[in-house]
Amino acid sequence: MEIKIQDNTDSLTVTMIGSFDTLAAEQVEPTIKEIESLASKPMIIDCNALDYVASSGLRVFLRLRKASAAQGQQITLLGINENIMEVFKVTHFDRMFIMK
């Protein structure tokens, strides 16, 4: 799992690459904390290269949503594949984010 952060003038772009399982969630914890600290901007999470999301990955999405909401911001998710979208629909995460 790899996460890239691009801090733009008016937004934050986060690119997630690979599988977001329990091990990955542990490995990217410092990066998630950095993203949370930048949540005062609208956030775009590019999921085009995200293959899989386990429950631990969903918890990270929830953490980022809570951090953004606390700053009055929203998160837009781009490029969610069919399998991940199904998980988001079953868990109602699709209602928590702007989906494009």
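Trainee: What should I know before I start?

Mentor: The model is predicted: local features need pLDDT of at least 70, side-chain atom pairs count only at pLDDT 80 or more, and totals for chains, interfaces and linings use all residues. Residues are numbered from 1 along each chain as its sequence is written, and side-chain values use heavy atoms, with hydrogens and water left out.

Trainee: How many helices and strands does the protein chain have?

Mentor: Start with the rule. Helices (H or I, at least four residues) and strands (E, at least two) are DSSP runs, numbered from the N terminus. Here the protein chain has four helices and five strands. Their order from the N terminus is β-β-α-α-β-α-β-α-β.

Trainee: Why is the chain called as compact as a globular protein of its length?

Mentor: The radius of gyration is taken over C-alpha atoms, and the globule rule is 2.2 Å times the number of residues to the power 0.38. For 100 residues the rule gives 13 Å; the protein chain has 12 Å, which is close, so it is as compact as a globular protein of that length. Its C-alpha atoms fill a box of roughly 30 × 25 × 20 Å along the principal axes.

Trainee: How do strands E1 and E2 pair? Which sense is it?

Mentor: Two strands pair if DSSP finds at least two bridges between them. E1 (residues 2-7) and E2 (residues 12-20) have six bridges, in the antiparallel sense.

Trainee: Is Ser68 buried or exposed?

Mentor: Buried means under 20% relative accessible area, exposed over 50%, partly exposed in between (1.4 Å probe, protein chains only). Ser68 has 0% relative accessibility, so it counts as buried. Ser68 lies in helix H3 (residues 55-70). Across the protein chain, buried residues make up 36% of the 100 residues.

Trainee: What does Ser68 touch?

Mentor: Contact means heavy atoms within 4.5 Å. Leaving out residues up to four places away in sequence, Ser68 touches Ala39, Met43, Gln73 and Ile75.

Trainee: And where is Ile44?

Mentor: Ile44 sits in strand E3 (residues 43-53). In a regular strand the side chains alternate between the two faces of the sheet. Ile44 counts as partly exposed because its relative accessibility is 28%. Beyond four places in sequence, Ile44 touches residues including Leu12, Val14 and Leu78.

Trainee: How far is Ile44 from Phe61?

Mentor: They are 17 residues apart in sequence and 12 Å apart in space, C-alpha to C-alpha.
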